[in-house]
Amino acid sequence: MKIALANQMREIDKKAIEEYGISEIVLMENAGRKVAEAVSHVLKTVSKKSVCILAGSGNNGGDALVAARYLSNLGARIKVFLIGNKNHRTDSLNIQMKTLRAMGIELQVLETDRAWDRLQVTLRFSDAIVDGILGTGFSGQLRPAVLRLVRLVNSTNKPVISVDIPSGVEADSGEVGEAAINATCTMTLGLPKFGHYICPGASFVGELIVDDIGIPEQLLNDDIHQTVIDDEFAQTLLPARPKDSHKGSVGKILIIAGSRGMTGAASLASMSALKAGAGLVTLAVAESLNSIFEVKLTEVMTIPLPEIKTGLIGGDKAVNQLLTIADKFDAILIGPGLGREKETLEMVQKISETVDKPLILDADALFAFNGKIDSLRLCKQIPVLTPHLGELAAILNSTVDEIRRNLIETVRKAAKDYRAIFVAKCETTVVAYPNGEVFVSALGNEGMATAGCGDVLAGTVAGLMKQTPFAPIAGVYLHGTAGNIAFDSKKDGLIASDVMNNIPLAIKKLRD
């Protein structure tokens with residue numbers, strides 16, 4: 001399923017009307033009917049239920065008024081309240097107002113204290129509320145009257161069904177000003193928007209239902225370069241393993257990781273690569289730590305490297321040894337728990353520029369490119385970078401707040417400018433390719449806010465590099481799915497190894 005940016009959705013609507021001859025009123029009719037179905041879904045039945053309809057002056061309000069008509073026909077008791085400048089009402093909205101009045105449904109305009117008092121009484125006795133106040137065109141801060149309405153709705157603790165996106169949430173960024181409607185369910189129209197998936201907006205969406213409202217499928221796919229990594233899409237990412245597979249054919253992975261006090265990161269990454277299906281994983285570590293890993297990691301091979309300090313690798317000897325063995329491997333992961341000594345970072349840069357192998361850069365390896373991001377273009381093959389937003393901000397010489405405000409376009413531009421695949425990690429993971437394609441995953445949960453989960457993701461991606469050309473996307477899917485499986489039993493006590501240990505179950509789910 002694709003994700004639309006706000007301007008893209010407006011263009012889709014325009015083309016549906018102008019090129020396909022689907023009138024705006026027909027699209028509104030379809031949308032309103034689906035909103036009414038969403039109300040029925042939340043309430044189970046609407047007959048004899050009281051539903052309060054809140055409509056703004058745009059077509060989002062018109063969708064809500066169509067829903068009012070359908071709900072009334074199903075036996076619901078409807079109260080409608082309008083907000084916004086009456087001079088800004090669209091023609092389609094005015095048509096819906098006329099229809100409701102002809103049906104004998106009273107429309108209250110929130111202009112007087114008396115109307116607000118009526119609204120408060122209505123809300124108190126309503127079984128559900130339809131939020132058609134604002135749509136995907138909203139940005140910035142709510143006007144005082146709308147802010148008052150949003151806060152009033154949220155104070156009722158009644159089920160709320162939002163049309164397209166909860167009022168107060170910015171469609172492209174998920175940004176929220178002073179307040180936003182806290183929806184129980186959001187019926188989004190045409191395609192989902194990025195604001196449905198990224199916080200803070202995602203926290204207000206509730207259950208997300210998507211419907212194409214009759215827009216031609218071609219319009220919902222052409223020239224849209226953002227895709228949701230959902231179960232259906234993920235099934236295309238990881239082919240079944242051939243019967244004659246052997247450990248050499250499914251991936252020989254070299255992982256350069258670990259330092260004194262950070263052995264866990266290297267262990268998690270190495271074992272995650274194996275659990276993702278790699279046939280052979282070799283961990284290159286500081287020689288003084290090698291005996292620890294030989295005991296700790298039964299299935300992982302180890303290579304001791306020369307040290308610059310106790311437990312830290314770097315320097316020409318380590319670089320030369322790694323370059324000598326690099327050709328034996330199908331992919332190389334550098335970074336988890338590696339350390340940030342000058343010689344270590346120089347080692348990362350030298351290896352990145354020299355080896356002609358698929359390369360995954362994570363954690364401390366990313367730090368090596370702070371202020372030197374142009375060096376990524378020197379990589380022989382397109383590298384995969386797996387930064388969290390703090391690391392991404394440092395690489396791009398930006399701030400987390402700036403990046404969050406325009407995450408999709410920022411990551412897309414970085415991937416294109418620096419010829420790299422970026423896997424930007426937050427509550428929503430965004431994978432961007434140099435060709436402009438972006439993939440978004442909302443998998444995962446709050447329990448995964450624990451040390452080591454990033455190492456598990458990096459190892460998972462590395463372990464898939466020989467198995468699929470879509471390893472970054474497949475890795476994100478398996479990591480999020482494994483995290484959700486673990487969260488079912490562990491909840492907030494989840495740790496990174498719980499995610500790692502559920503990667504095989506995530507693979508099973510993908511292939512079942």
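Arg69 is found in helix H3, residues 59-73; helices here are DSSP runs of H or I with at least four residues, strands are runs of E with at least two, and both are numbered from the N terminus. The Arg69 residue is buried, with a relative accessible area of 15%, where buried means under 20% relative accessible area, exposed over 50% and partly exposed in between (1.4 Å probe, protein chains only). Leaving aside residues up to four places away in sequence, Arg69 touches Glu29, Gln96, Thr99, Leu100 and Met103; contact means heavy atoms within 4.5 Å.

The model is predicted: local features need pLDDT of at least 70, side-chain atom pairs count only at pLDDT 80 or more, and totals for chains, interfaces and linings use all residues. Residues are numbered from 1 along each chain as its sequence is written, and side-chain values use heavy atoms, with hydrogens and water left out.

**The chain as a whole**

The protein chain holds 20 helices and 19 strands. Its C-alpha atoms fill a box of roughly 85 × 40 × 40 Å, taken along the principal axes. Of the 512 residues in the protein chain, 57% are buried. Among contacts with a separation of 6 or more, 71% are between residues 24 or more positions apart.

**The parallel sheet**

Seven strands form an open sheet in the order S3-S2-S1-S4-S5-S6-S7, with parallel pairing; two strands pair if DSSP finds at least two bridges between them. Strand S3 (107-109) and strand S7 (207-211) are the edge strands, each pairing on one side only. On average, neighbouring strands of this sheet are turned by 20° against each other, direction ignored. Helix H5 (residues 113-124) packs on the sheet and touches S1, strand S2 (77-82), S3 and S4, its direction making about 145° with that of S2. Axes are lines fitted to C-alpha atoms, for helices over the stretch in contact, and angles run from 0 to 180 degrees between N-to-C directions.

| Pair | Bridges | Sense | Example of partners |
|---|---|---|---|
| S1 and S4 | five bridges | parallel | Cys52 and Ile129 |
| S2 and S3 | three bridges | parallel | Phe81 and Gln108 |

S1, H3 and S2 make a right-handed β-α-β unit. Another right-handed β-α-β unit consists of S2, helix H4 (residues 91-102) and S3. A crossover is right-handed if, with the strands pointing away from the viewer, the path from the first strand over the helix to the second runs clockwise.

**Helix H1**

Helix H1 (residues 6-18) has 13 residues and reaches 18 Å from its first C-alpha to its last, close to the 18 Å expected at 1.5 Å a residue; the expected span is 1.5 Å times one less than the number of residues. Ala6, Gln8, Met9, Ile12 and Ala16 are buried in H1. Seen down the axis of H1, its buried residues fall within an arc of 165°, so they line one face of the helix; the arc is that of the directions from the helix axis to the C-beta atoms. The cover over the buried residues of H1 includes helix H2 (24-43), strand S6 (185-189) and strand S8 (226-228).

**The mixed sheet**

An open sheet of 10 strands has the order S8-S19-S18-S17-S16-S15-S14-S9-S10-S11 and mixed pairing. Its edge strands are S8 and strand S11 (301-305), each of which pairs on one side only. S8 and strand S19 (residues 438-441) run parallel and are joined by three bridges, with Gln226 having Val438 as its bridge partner in S19. H16 packs on the sheet, touching S8, S17, strand S18 (429-432) and S19, and its direction makes about 35° with that of S18. Helix H17 (residues 453-464) also packs on the sheet, where its contacts include strand S9 (252-256) and strand S14 (331-334); the direction of H17 makes about 170° with that of S14.

**Backbone features in loops**

A cis peptide bond joins Cys199 and Pro200, with omega about 10°. Pro200 lies in the loop between S6 and helix H7 (202-205). Arg419, a residue other than glycine, has a positive phi near 50°. Arg419 is found in the loop between helix H16 (407-418) and strand S17 (421-424), and counts as partly exposed at 31% relative accessibility. Lys491 has a positive phi of about 50° although it is not a glycine. Lys491 is placed in the loop between helix H18 (471-490) and helix H19 (496-501), and at 42% relative accessibility Lys491 counts as partly exposed.
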